[in-house]
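Hi,

Here's the structure I said I'd pass along.

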Amino acid sequence: MNTLFSQEVPLSWYLLLSAALFTLGVVGFLIKRNLITVFMSIELMLNGVNLSFVTFAYQWHAVKGQIFVFFVMMVAAAEAAVGLAIIIAVFRARATLAVDRIDLMKL
Amino acid sequence: MNGSLHLWLIPLLPFAGFLLNGILGSRLPKWLITTIALLAPLAAFGVVLSAAQGLFTTGVLGSFPYVETCPVGWINAGTLHVDFSLVLDQLSLVMLLVVTGVGFLIHVYSVGYMGDEEGYARYFSFLNLFLFFMTLLVLAGNALLMFVGWEGVGLASYLLIGFYFHKDSAANAGKKAFIVNRIGDFGFLIGMFLLLANFGTLTFSEIATKLGQDPSWQGGILTVIALCLLLGATGKSAQLPLYIWLPDAMEGPTPVSALIHAATMVTAGVYMIARTHVLFDHSPFALGTVAVIGASTALFAATIGLVQNDIKRVLAYSTISQLGYMFLGCGVAAYSAAIFHLMTHAFFKALLFLAAGSVIHGMGGEQDLRKMGGLWKKLPVTFWTMTAAVFAIAGFFPFAGFFSKDAILYAAFLQGTNGKILWFVGLVTALLTSFYMFRLWYMAFLGKPRSPEVHPHESPWTMLGPLVILAALSVGGGWIGIERFSEFLAPSTGARAAAAGTGHLELILSCVAVLVALEGWLIADKLYRRKLDRPAQWAAALPGSYNLLAHKYYVDEFYGASVVKPLFAFSHYLLDWVVDKGLLGGTAWLLGGTVTFAGAILQRWQSGNLRSYAAWLAAGAAAVLLFVVVPWASFLATLSTIHFNVAGH
């Protein structure tokens with residue numbers, strides 16, 4: 001037990017997990033049609049990034065990375081509030097949440 | 001001298017009139033336009049008169065030339081200093097009196113003549129603008145300021161020739177006048193550059209001083225400068241070979257022809273030569289060229305004038321011919337005689353044009369002499385004033401033209417053998433002049449009316465008043481006599497050439513001139529009163545000569561084929577097609593086409609599909625990551641090393 005827990009988890013594991021989370025987010029963002037799912041994918045990407053921040057902060061004994069994570073979380077919270085409001089507004093206007101139907105930016 | 005003469009008011013008053021009528025003219029009532037337009041030249045004339053009177057009564061003629069310089073310089077660049085300086089001397093005083101005096105009369109005449117025309121305010125603003133530039137030209141104390149006036153009168157001339165711009169012929173005539181004048185102006189400019197290079201100054205008085213210090217300086221660069229200036233003068237004063245614009249300039253309103261293309265602007269070349277006469281005095285060759293150009297132009301234009309049927313064209317060729325006399329006068333160094341003729345010519349030629357305008361006005365716009373006739377009963381005032389002018393230009397004693405033409409011919413006669421030839425050419429011209437003027441007189445005023453359906457009417461008094469005043473001047477304008485006139489002008493144009501002849505000789509020559517004029521009258525009387533079918537018979541008997549004259553020696557056609565056509569072809573094929581459409585247009589098309597083509601491809605990226613944007617973003621991030629992670633630099637270095645090794649073998 002002791003030996004098991006005293007053994008440090010290697011840095012690369014954290015980073016691999018972070019990369020896996022981020023990639024999941026990217027793939028979800030690209031392939032999902034529902035706007036809410038896309039939104040959740042963004043959160044996933046943010047958290048993947050957060051994990052790598054924390055990892056490096058721990059590794060280098062630098063508190064800056066951790067502070068940065070708080071900033072990201074704060075922004076993500078604000079973004080969730082604003083983003084959900086936009087999603088509701090879009091749904092009211094277009095009666096759909098399929099991203100390919102929301103293409104007003106097209107020339 | 002007590003106080004200033006306020007010379008600057010002379011050009012600036014008409015300029016104010018131009019600004020007022022030009023900017024506000026369309027909103028002002030007609031009487032106000034007229035008042036402004038007439039007050040400007042009248043006030044300028046008043047300033048000239050008061051300047052003249054102040055100088056004569058206080059007896060300070062010795063203080064001439066009187067110079068007024070603007071305290072703020074114009075150009076100060078290194079050694080080059082040019083000021084706004086106005087100079088009043090005997091020469092510019094005479095010229096100013098003519099310009100503002102005759103100018104004012106023609107303004108008054110215009111009120112009647114242009115009364116029913118559209119663009120009344122535009123017309124008067126241009127006329128005032130012309131006076132501004134003309135007085136500036138006359139008063140200028142240096143060549144550059146004179147050039148400003150010189151170009152300005154050209155502009156005013158262009159605007160007024162093309163006054164009826166909706167008519168193609170008028171618009172084209174304006175362009176022709178402007179372009180032909182550009183050729184002359186080019187000569188003037190080159191002359192100025194050479195003056196600057198050789199004298200370091202453009203001020204007339206300084207040039208005269210420098211030449212006076214070195215009396216042995218003859219010919220050479222002075223000849224070149226004088227010939228360049230002469231080219232400018234031939235353009236403005238419609239001499240050979242640049243006279244072609246003046247007959248076409250008759251497309252403008254008749255008072256404009258009187259003011260600009262007879263009395264004042266076209267004499268600017270003569271004035272310029274008189275103003276720079278010190279240069280010509282130092283170059284016998286240039287002076288001889290002036291005389292030859294003058295004499296040949298006088299004869300050449302007079303022969304064309306013989307067969308013209310448009311009343312204004314006859315007068316136009318007559319103007320060219322008379323300007324030739326003035327050049328002849330300048331060319332034999334009789335500048336005062338030339339200026340004397342300039343003055344009397346301004347009187348009688350303005351009168352001729354204004355009377356012709358009165359005829360055209362009365363005939364309802366008809367200009368063809370063949371459709372006139374018997375007008376003396378219908379237009380009595382016009383007839384009698386015109387008669388005075390005809391006698392004056394023909395050179396009958398004691399009309400004004402007699403004295404001035406006689407002075408020029410006498411001065412020419414005294415210039416050795418070549419002078420005798422010039423004198424003879426002048427005499428033949430006098431015969432032709434007398435003939436074509438009496439021809440016009442007979443065809444227009446005497447005989448039977450040839451257009452019974454037209455009912456001519458006499459013009460209003462705004463038009464007849466100036467006619468009467470000018471008629472008085474045409475009769476008495478020469479009585480001052482060339483001796484006193486030369487004496488007066490001597491400080492600015494140099495003393496009259498020492499009279500080598502005797503009083504008898506002058507008297508004999510005068511009698512010859514008058515007899516020649518009488519002969520011209522008799523021929524015209526025979527052909528156009530007693531034997532009316534003769535001219536047509538002669539024209540039929542001599543078709544070659546008649547056609548040559550009727551087509552004005554085909555000079556326009558010659559210039560068209562030798563200058564205009566090649567230039568046009570050059571512009572059309574090389575400049576338009578190759579350079580403009582090919583080179584410039586092609587480059588623009590290529591640049592624009594490339595961007596459009598690229599845009600057409602790239603616009604597919606802008607699909608509006610959120611996920612495609614995101615995919616490209618992700619792909620870009622992946623590419624950057626790949627670029628950072630993969631050690632390209634060492635990879636490339638390895639590659640090149642291999643290559644190097646291969647090459648090393």
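Below is what I found when I went through it.

First, bear in mind that this is a predicted model. It scores ipTM 0.75 and pTM 0.78. For chain B the mean pLDDT is 87, with 96% of its residues at 70 or more.

Now for the cores. The largest nonpolar core has 207 residues, and the ones touching the most other members are B:F130, B:A338, B:A350, B:L351 and B:A389. Helix α15 of chain B (residues 335–362) gives the most to this core, putting in 18 residues.

Over in chain A, helix α3 (residues 35–60) packs with helix α4 (residues 64–94), their axes 9 Å apart and at an angle of about 175°. An angle over 145 degrees counts as roughly antiparallel, so that is how α3(A) and α4(A) sit to each other. On the α3(A) side the contact includes A:L35, A:F39, A:L46 and A:F53, while α4(A) brings in A:F68, A:V72 and A:I87, among others. By class, the residues of this contact are 15 nonpolar, four polar and two charged.

As for how the chains meet, ten residues of chain B are in contact with ten of chain A. The chain B side of that has four nonpolar, five polar and one charged residues.

Cheers

How values were computed
Residues numbered from 1 in each chain as written. Chains lettered and ligands numbered in written order. Predicted model: local features only at pLDDT ≥ 70, side-chain atom pairs only at ≥ 80, totals over all residues. Core = buried A, V, L, I, M, F, W, Y, C linked by C-beta atoms within 7 Å. Buried ≥ 20, exposed ≤ 12 C-beta atoms within 10 Å, placed from the backbone. Helix = DSSP H or I, 4+ residues; strand = E, 2+ residues; numbered from the N terminus. pLDDT = per-residue confidence, 0-100. Contact = placed C-beta atoms within 7 Å. Nonpolar A, V, L, I, M, F, W, Y, C, P; charged D, E, K, R; others polar. Axes fitted to C-alpha atoms, helices over the stretch in contact; angles between N-to-C directions. Parallel < 35°, antiparallel > 145°, perpendicular 65-115°, else oblique.
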